[in-house]
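Work through the exercises below with the sequence and the model at hand. Each task is followed by its solution.

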Amino acid sequence: LTGFYGRYLTVATRHAGQGYGRLLKQEAIRYVEQWASPPYLFYSYIERKNIRSLAISTGEGFVDVATLRTYL
C-alpha cells in the first residue's frame, strides 16, 4: 500500500480562517489522486491543540486511527 504523508501545509496567521488551509489540503489530495493509482493511504500527525487543522481533516473525511504520546 502506497502512503502519502501530509506535512508542512501551513497558512500565515494573518490569513487564518480564510479557507486557505482547506484549499491546500484539497489540492494536495487532488494531486495524489491524479497521479497515483489506488489503493493508497493519506496520513499525517496533527496535534490536538491544532483545532483548525483537525477540523479541515475531519471535513475532508479523515478519521483518527491512533493516538501518540510523547514521554521525556
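**Exercise 1.** Classify Tyr 40 as buried, partly exposed or exposed.

Solution. The classes are buried (under 20% relative accessible area), exposed (over 50%) and partly exposed in between, with a 1.4 Å probe and protein chains only. Tyr 40 has 22% relative accessibility and therefore counts as partly exposed.

The model is predicted: local features need pLDDT of at least 70, side-chain atom pairs count only at pLDDT 80 or more, and totals for chains, interfaces and linings use all residues. Residues are numbered from 1 along each chain as its sequence is written, and side-chain values use heavy atoms, without hydrogens and water.

**Exercise 2.** State how many aromatic pairs the structure holds, and classify the pair of Phe 4 and Phe 42.

Solution. Rings of Phe, Tyr and Trp (its six-membered ring) pair if their centres lie within 6.5 Å; planes under 30 degrees apart are stacked, over 60 edge-to-face, the rest tilted. The structure holds six such pairs. In one of them, Phe 4 and Phe 42 are 6.2 Å apart centre to centre with 40 degrees between the planes, so the pair is tilted.

**Exercise 3.** Find the aromatic cluster that contains Phe 62, and the charge over the face of Phe 62.

Solution. Phe 62 forms one aromatic cluster with Phe 4, Tyr 40 and Phe 42. Lys 25 lies over the face of Phe 62, at 4.9 Å from the ring centre; the criterion is NZ of Lys or CZ of Arg within 6 Å of the ring centre and within 35 degrees of the ring normal.

**Exercise 4.** Classify Leu 68 by its accessibility.

Solution. With 60% relative accessibility, Leu 68 counts as exposed.
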